[in-house]
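Student: Could we go through this structure together, one question at a time?
Tutor: Gladly, let's have a look.

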Amino acid sequence: MAEITVLKIAPGKHPAKTKLQSTIDAFNHAVSAGATEIGKACTKKMEKDIYILYNYYGCLDELPGNRRVNGEIITGTFYVLGATQNYRPRSLTPHEIERYSSLFWEPEVYSDTDIIKNSMDVLYDSLVELEKL
């Protein structure tokens, strides 16, 4: 599989440009830093063709709070990557690397209480959306 250029956003650190193999196994291992088990990588859309890749079970595995993305506290290390029109992972452009490095430059600190409350808020919002269906 292809190697793509992404931004690694680790808790307490500035963003770092890095490369990832574009495979499910590589993605699962990448988001599992600090976890007791290999995590389940999933994506969350930031903008039209920009996504974050993060550990879906990071909160349950008690990974540290990292940054807020679209109002949600993401726990553990996550990655910013691009996607093609066919939703295939792609490298970030130099402009995108600069933009998202700036956006996530300052590390953020969250308490366990902040993370739990945020998780409950996200769950509640999901349930409200389901009731609308």
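Student: In which helix is Leu 127 found?
Tutor: This is a predicted model, in which local features need pLDDT of at least 70, side-chain atom pairs count only at pLDDT 80 or more, and totals for chains, interfaces and linings use all residues. Residues are numbered from 1 along each chain as its sequence is written, and side-chain values use heavy atoms, with hydrogens and water left out. Helices are DSSP runs of H or I with at least four residues, strands are runs of E with at least two, and both are numbered from the N terminus. Residues 112-132 form the helix that holds Leu 127, namely α3.

Student: Is Glu 96 buried or exposed?
Tutor: Buried means under 20% relative accessible area, exposed over 50%, and partly exposed in between (1.4 Å probe, protein chains only). Glu 96 sits in helix α2, residues 94-103. Its relative accessibility is 12%, so Glu 96 counts as buried.

Student: Within what arc do the buried residues of α2 fall?
Tutor: The buried residues of α2 are Glu 96, Ile 97, Tyr 100 and Ser 101. Looking down the axis of α2, they line one face of the helix, because their arc (taken from the directions from the helix axis to the C-beta atoms) is within 125 degrees.

Student: Which exposed residues does the face turned away from the buried side of α2 carry?
Tutor: That face belongs to α2 as well. The exposed residues there are Pro 94, His 95, Glu 98, Ser 102 and Leu 103.
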